[in-house]
Each structure stands twice: as structure tokens, then as C-alpha cells.
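Here's a quick tour for anyone meeting this structure for the first time. Have a look at the model, then read on.

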Amino acid sequence: MYTSLLVAVDGSKQSEKALTLACYLAQSNQAKIHIVHAPEVLQHPAIMTWGLGAVSLESSREELAAMSSKLVEHAVSVAKEQGINQVEGHVIYGEPTLAIIKQADNLGVDVIVMGCRGLGNLSGLVMGSVSHKVSHSAQCGVITIR
Ligand code: ATP
Ligand code: MG
Ligand code: MG
């Protein structure tokens, strides 16, 4: 049914679940999985310590890029451990919702798999802003998991 899936990861437990689900869905059809992450400055701990003068802007940018690559590489290795042969990781840039939707369009995936909530899981809402907006605006199917 699905030949190409996109999984959006942010390092949260729910995005780990999304990756597991995507691997399960991909296995039955030997589908390809694309794993994407959009670095978010406001969720980067080093950048949140600016006020303390702990890090410079430049080193933070580099650190953010390195952390993002590591997050994506880790997810790729998890998918491979799950027996997925066709898997590719992408660090994408821009506002996360727009970047995820654009990447899904460019790759022509059948479905986006993501968590209902992510790292910003502070309120009682079921859906985070990224999963909410992607569900509304994506051209392809969207599966969210809690
Ligand atoms: P909010 O960010 O609105 O405060 P939240 O962090 O709880 O709330 P979302 O950000 O919507 O919720 O996260 C839901 C899912 O969206 C995550 O589980 C993940 O699959 C995906 N996601 C969120 N942020 C990113 C990102 N920067 N890059 C890739 N995927 C993301
Ligand atoms: Mg956010
Ligand atoms: Mg979030």
C-alpha cells in the first residue's frame, strides 16, 4: 500500500513510536523510509543558555547542526536494525511544519508518520502545533501516534 513513507523525528518518545510504526508499515511492502528533522533553535539547550553567556551564536549553530545530524543518523540506524534496507535521513531547514510538508512533496511520499506530541509536551493538549498543522495542510496522508 505504502511505497514511500516520511517519518518526522524531534527526539521525543512519541516520535520514536512514529518511527517504529513506520518501520512496521514499510516492512510489509519493502517501502522506502525518509527520516527528517528540522532543527529548532528554541528547543536547543545550548541556545537557551545564551542569557548566561555560555555559548556563542556561531558555536551554537554548529552544535545544533551536529545534534540534528546525530538525531537523524541514530533514527536511520534504528530503522536498519528493524530490517529496513531502504532508509535515508535528511536534516531539513525552515519552520518545521513548512519544512516537513515541502520535503514530503519533493520526495512524493505516500504518507507522513509523526507523533501527536513532541518535545514541547507541556500542556494537556492531545496534538502539538507541528502535528496539528501538518495534519491539516499536507497533500499526502498523515498518521499520528500517541
Ligand atoms: P509544540 O512544539 O507545539 O510546543 P509538541 O512539541 O508537544 O508541541 P509537536 O512539535 O507538534 O508537539 O510534535 C509532534 C510530532 O511532530 C513529533 O512527535 C515529531 O514526530 C514531529 N516534529 C515536531 N517537531 C519536529 C521537528 N522540528 N522536526 C521534525 N519533526 C518534528
Ligand atoms: Mg515547537
Ligand atoms: Mg514541538
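How many bridges join strand 1 to strand 4, and do they run parallel or antiparallel? There are 3 bridges joining strand 1 (residues 4-8) to strand 4, and the two run parallel.

## Before we go on

This is a predicted model, where local features need pLDDT of at least 70 and side-chain atom pairs count only at pLDDT 80 or more, while totals for chains, interfaces and linings use all residues. Residues are numbered from 1 along each chain as its sequence is written, and chains are lettered from A and ligands numbered from 1 in the order in which they are written.

## The sheet

Helices (H or I, at least four residues) and strands (E, at least two) are DSSP runs, numbered from the N terminus. Five strands form an open sheet here: 5 strands in the order 3-2-1-4-5, with parallel pairing (two strands pair if DSSP finds at least two bridges between them). Strand 3 (87-91) and strand 5 (141-145) sit at the edges with a single partner strand each, so one side of each has no neighbour in the sheet. On average, neighbouring strands are turned by 20 degrees against each other, direction ignored. Zooming in on one bridge, V7 has V113 in strand 4 as its partner.

## Helices on the sheet

Helix 1 lies across strand 1, strand 2, strand 4 and strand 5, at about 145 degrees to strand 4. Axes are lines fitted to C-alpha atoms, for helices over the stretch in contact, and angles run from 0 to 180 degrees between N-to-C directions. Helix 4 lies across strand 1, strand 2, strand 3 and strand 4, at about 165 degrees to strand 1.

Helix 4 also packs with helix 5, at an angle of about 40 degrees and with axes 9 Å apart. In helix 4, P96, T97, I100 and I101 meet V130, K133, V134 and S137 of helix 5 (contact means C-beta atoms, placed from the backbone, within 7 Å).

## Around the ligand

Which residues come nearest to ligand 1? Of the 24 residues around ligand 1, they are G115, G118, G120, G128 and S129 (near means a C-beta atom, placed from the backbone, within 6 Å). Among the elements giving two or more residues to this shell are helix 1 (13-27), strand 4 (111-115) and helix 5 (129-137).

Conventions: Two residues are in contact if their C-beta atoms, placed from the backbone, lie within 7 Å.
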